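Please keep the sequence and the model in view while reading.

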Amino acid sequence: MSVNISLVLPCYNEEENIVLICNEFLDLPLQKYNAELILVNNGSDDNTKSVAQKVIEKNNSRNISIKLINIENNVGYGGGIAEGLKVAKGEYIGWSHADLQTPIIDFLKLYLLIKDKKNILGKGVRTNNRGFDGIISRFHEKLASVILGYQMIEVNAQPKIFNKDLLKLFSNIPYKWTTIDTYVMYICLKNNIQIETIEVVFNTRKFGHSKWKNNFVSFISHILFNLLYLFKLRFSKK
């Protein structure tokens with residue numbers, strides 16, 4: 001059975017969100033399509049793995065499959081996505097968040113928007129005011145635009161989706177922090193890949209917390225690493 005779309009969700013301590021996010025995926029109007037949801041348990045130290053396994057056991061949908069990749073030691077946000085992309089079988093593949101901040105229906109909307117095109121990246125553009133997080137995002141985008149030489153707008157907005165053939169361009173996916181989103185957008189712009197967007201609302205997280213905002217040290221490390229990565233990406237020969 002051919003798969004139309006594959007959605008990768010990196011999961012770090014998401015035991016309270018797994019059932020809800022899977023139900024959201026299963027409730028999508030996908031009667032005409034074959035789809036797979038790939039949950040990547042990225043070194044969680046809660047019950048993410050066991051909860052995901054129970055959801056998979058109960059899934060009896062004929063055209064939607066749910067898979068679990070279990071990584072014992074956390075390999076970073078980008079690493080979790082990259083490991084999921086390796087096993088994705090869909091003609092169109094991509095990722096989003098597993099924390100309920102990004103509605104899964106947005107992934108389907110993007111698929112329907114780009115499904116007849118190959119050299120295209122579909123992504124969300126957040127429209128709501130996100131307070132301090134929004135300020136940090138704007139700061140990163142300004143720096144990225146100056147350093148990389150391309151206009152980088154809503155870099156970290158989800159979801160993202162593209163034809164699987166574009167994977168050949170993403171040969172050096174960064175595993176650490178959230179730099180995968182910057183990398184993919186930069187590579188697409190550099191290779192004249194069309195970018196199609198839809199407006200999305202970034203909801204408040206109900207359960208858990210963002211790993212990079214655990215404490216002040218993690219926050220500063222995240223900012224500095226992203227800054228250094230921008231220069232590395234700009235002057236990389238790959």
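Cysteine 22 counts as buried, because its relative accessibility is 0%. The model in which this residue is seen is a predicted one. A search of the whole structure finds zero disulfides, and cysteine 22 accordingly is in none; the nearest cysteine sulfur, that of cysteine 11, is 7.8 Å away.

**Cysteines**
- A disulfide is a covalent bond between the sulfur atoms of two cysteines.
- Cysteine 188 is buried, with a relative accessible area of 0%.

**Aromatic pairs**
- Six aromatic pairs are found in a search of the whole structure.
- One of them joins tyrosine 33 and tyrosine 111 in an edge-to-face arrangement, with 5.4 Å from centre to centre and 90° between the planes.
- Because tyrosine 33 lies in the loop between α1 (18-26) and β2 while tyrosine 111 belongs to helix α4 (residues 105-114), this pair ties together parts that are 78 residues apart in sequence.
- Tyrosine 33 counts as buried at 17% relative accessibility, and tyrosine 111 counts as buried at 4%.
- The ring centres of tryptophan 95 and phenylalanine 162 are 6.2 Å apart and their planes stand at 80°, so this pair is edge-to-face.
- Tryptophan 95 is in strand β4 and phenylalanine 162 in strand β6, so their pair ties together parts that are 67 residues apart in sequence.
- Tryptophan 95 is buried at 0% relative accessibility, and phenylalanine 162 is buried with a relative accessible area of 0%.
- Ring pairs link Trp95, Phe162, Phe170 and Tyr183 into a cluster.

**Helix α3**
- Helix α3 (residues 77-87) is mostly covered, with eight of its eleven residues buried.
- Among the buried residues of α3 are Tyr77, Ile81, Ala82 and Leu85.
- The packing partners of the buried α3 residues are β1 (3-11), β2 (35-42), β3 (64-71), β4 (90-95) and α6.

**Threonine 178**
- Threonine 178 is located in the loop between β6 (160-163) and α6, and it counts as buried at 17% relative accessibility.
- Apart from neighbours within four places in sequence, threonine 178 is in contact with Tyr77, Asn156, His222 and Asn226.

**Second largest pocket**
- The volume of the second largest pocket is about 270 Å³.
- This pocket is lined by 17 residues, of which Asn172, Tyr183, Tyr229, Leu233 and Ser236 are the closest to its centre.
- Both α6 (179-190) and α7 (216-235) supply at least two residues of the lining, and α6 gives the most, with five residues.
- The lining comprises eight nonpolar, five polar and four charged residues.

Methods. Residues are numbered from 1 along each chain as its sequence is written. This is a predicted model: local features need pLDDT of at least 70, side-chain atom pairs count only at pLDDT 80 or more; totals for chains, interfaces and linings use all residues. Side-chain values use heavy atoms; hydrogens and water are left out. On a 1 Å grid over the protein atoms alone, a cavity is a set of points where a 1.4 Å probe fits but cannot get out, and a pocket is an open set with protein on both sides within 12 Å along at least five of seven lines; lining residues have an atom within 4 Å of a point. Grid points are joined across faces, edges and corners, and a volume is the space filled by probe spheres set on the points. Helices (H or I, at least four residues) and strands (E, at least two) are DSSP runs, numbered from the N terminus. Ala, Val, Leu, Ile, Met, Phe, Trp, Tyr, Cys and Pro count as nonpolar, Asp, Glu, Lys and Arg as charged, and the others, Gly among them, as polar. Buried means under 20% relative accessible area, exposed over 50%, partly exposed in between (1.4 Å probe, protein chains only). Contact means heavy atoms within 4.5 Å. A disulfide is a pair of cysteine sulfur atoms within 2.5 Å. Rings of Phe, Tyr and Trp (its six-membered ring) pair if their centres lie within 6.5 Å; planes under 30 degrees apart count as stacked, over 60 as edge-to-face and the rest as tilted.
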